[in-house]
Amino acid sequence: MTTFLGMPTASPTTHLRTSESFPQAARSGLANSQQRHNLRAATTTIRAKRADVVAELDDWEELRAAGAAIKDHTLAQLPHYLELFEAAVIANGGTVHWARDGDEANEIVTRLVRATGETEVVKVKSMATEEIGLNEALTAAGITATETDLAELIVQLGDDRPSHILVPAIHRNRSEIRDIFLGNMQDVDPALTNDPEVLAGAARVHLRRKFLSAKVAISGANFGVADTGTLCVVESEGNGRMCLTLPRTLITVMGIEKLVPTWRDLEVYLQLLPRSSTGERMNPYTSMWTGATEGQDFHVVLLDNGRTATLADPRGRSALRCIRCSACLNVCPVYERAGGHAYGSVYPGPIGAVLSPQLTGVKDNPSLPFASSLCGACYDVCPVAIDIPTMLVHLREEVVLSKRTQHRLPTAESASMSAAAWTMTSRRRWTAALRAMSLGRSVTRLPALPPPLSAWVRSRDLPQPPRESLRDWWVREGSTDSAADTAADPDAGTSDARGPR
Amino acid sequence: MRLALFATCLVDGLFPDVGKATVAVLRRLGQEVEFPLEQTCCGQMHVNTGYGREAYPLVRRYVDTFEPYDAVVTPSGSCAGAIRHQHLELARQFGDEALLRRVESIAQRTYELSEFLVDVLGVTDVGASYPHRVTYHPTCHSLRVLRVGDRPLQLLRAVDGLDLVELPDADTCCGFGGTFALKNSQTSTAMLADKIRAIQSTDAQMCVAGDASCLMHIGGGMSRLSIGTETVHLAQILASTKDAR
Ligand code: SF4
């Protein structure tokens, strides 16, 4: 791996991990009532919009299957399609660069910008550049990058981190945004109100200046078409289009999984993506460019950064189908409460919980696969049918395995899991264990319980173990046809109802 | 039809009344039901916590125990889901072709209670009587893994005297999620709080579901808050009759 002067070398250039675990990081999100309120309102609205526009298409399930199949096909022959794409870009007058990781990609982009002699660049919102921490790398090299997506600009000016794939500032409300603009935007009207139109107007004035002066733009790509070398950016504000047409040098950083084989395949995704992400039938601006026009310089940086490793895992590779629509975030009950920052990665929510640990390796993100109740809502909405719950379970297994190899001695958890399995693989041991539990009925009344029960009783009562297990009842009298009345009647007056009686 | 009850480890050990109620309903409908004592646990807790290797012998055990039966009924959407999906996954993962075929066969014959009643026995009115105001929480695994759909509601609507009120945001997870409730206790609690609020808004006396695990979580939370609403398993409502009162 190469490094270069001016680059911070202490931490890897990926924004895919933090030192905090999910449960730790979730605490502040859970306690932030303003954020919880903002998130709930925003996700509830978008969920309903999505459901409506998806219901309009009677072939949604077929589209979804097609979306999954095209990606799977492309991923299965990725080297072939990447070469095809490279050849097409070169034939169109562009230059292709290959980056193994974030450091390399940042180095390439910085070199390209330096070569233009410019120190200012404008950016289209891009998850890939977010992932590699490009802005920080550019700043370190004396280059100022301005985000032109409104939400991204809010995050940038607020010296904040994005918390949603599509709406990076979803955790902020209008008055917070006003304060951020007043504090950090040049030449802003001091009488700025928190009216959305006024705020958008201020951002527009700010951005116009940048667009008109910038000679270099950096974009991501939603799709790359292998056989034509076309790049495609899908957005809502039109700022992307300004970036893509005005500057003289255009640098696109694209994950290698973004390819589709042919132009025709876009038909599928341009239906799936806007409906899933913004709940619109079509997004307002779709920009496609195939090569450069006169006097323009055009580069594509193809980013690996853990994608090949992900591809190598047959049980995890379907995460690379993801088209970053964020539908899974909007339906996730964990995301809605803990907030995007809890995931410690630019990819939050359900997809983040599987993608981040795959890109970094599970050792670096061991708590993320557990940051889900496995309710499955994410799988149901995913437009490319990524079975996120099954993948989470797979990655949990990887985490357990990696801990096993790290620690020679079993952890408390693995010891209790082994013990439970040992007990449960024998009728004699299992029966004995249930009897012991009945005998220890009073244990649930103890003032302090050991972990993990302590975590349970912080907010929930424990059920009182019954006097007799079902199997003991069965042996005693259940096998005869005299099953007792077992109905639960709230009027019957049993006061010990904790859970089903 | 040789019919077996798979009680699940949780019902066997903590909520035997749910098992007894399941037996009672089946018997009332003329079924002879057996409780093979070799049964223990479907292994879901292990799989979902990342211990597939530990769950593997439990999958074998399930197959060995229930293979002789024509059908297996379980009062748990979650465990039925684990048997139909995770058991197959595990057999595949361990490359055990012979076991995979056996798992496929028994998984097809394993039913969650409402599925068995509606699909196999073709009954929606089981002759139950339960004169209370009740709201139904469709647990995630019943809803999204098994796709039980409105079968539990069909059964509940046929219960004499039962006043079924709709639960707002019914399909949102209650926050249980097995070891999620321990590992991410605070997030789990935040989800639970919203679920309880929704249940309270219905003014129901009881919250009913087809999974003892989720009910343990919801019931444990409601008990802690002393809000005066209780939980009841679907089997218990279906087992309740006029004569019994
Ligand atoms: S995983 Fe699926 S739902 Fe989530 S962002 Fe990716 S494509 Fe969208």
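Biologist: What makes the meeting of the side chains of Asp12(B) and Arg471(A) a salt bridge?

Modeller: In this predicted model, the N to O distance between Asp12(B) and Arg471(A) is 2.7 Å. The cut-off for an Arg nitrogen and an Asp carboxyl oxygen is 4 Å, so the pair qualifies as a salt bridge.

Biologist: How many salt bridges and polar contacts are counted between chain B and chain A?

Modeller: The count is ten salt bridges, and 33 residue pairs are in polar contact, both residues being at pLDDT 80 or more. By class, the side of chain B that touches chain A has 36 nonpolar, 31 polar and 18 charged residues.

Biologist: How many residues does each chain bring to the contact, and what area is buried?

Modeller: Chain B gives 85 residues and chain A gives 78 residues. About 7000 Å² is buried between the two chains, with carbon and sulfur atoms giving 59% of that area. In chain B, the residues that lose the most area to chain A are Arg27(B), Leu37(B) and Tyr51(B), together 10% of what that side buries.

Biologist: Which residues come nearest to the ligand, and why is the ligand said to sit in a cavity?

Modeller: Cys322(A), Cys325(A), Ser326(A), Cys328(A) and Cys382(A) come nearest, among 13 residues around the ligand. The ligand sits in the second largest cavity; the term applies because more than half of its atoms lie within 2 Å of the cavity's grid points.

Biologist: What classes of residue make up the shell around the ligand?

Modeller: The shell has eleven nonpolar residues, one polar and one charged. Cys counts as nonpolar and Ser as polar, so Ser326(A) is the one polar residue of that shell.

Terms used:
Residues numbered from 1 in each chain as written. Chains lettered and ligands numbered in written order. Predicted model: local features only at pLDDT ≥ 70, side-chain atom pairs only at ≥ 80, totals over all residues. Heavy atoms only, no water. Contact = heavy atoms within 4.5 Å. Buried area = accessible area lost by both parts, 1.4 Å probe. Polar contact = N/O pair within 3.5 Å; in protein donor to acceptor, adjacent residues only side chain to side chain. Near = heavy atom within 4 Å. 1 Å grid on protein atoms, 1.4 Å probe; cavity = no way out; pocket = protein on both sides within 12 Å on 5 of 7 lines; lining within 4 Å.
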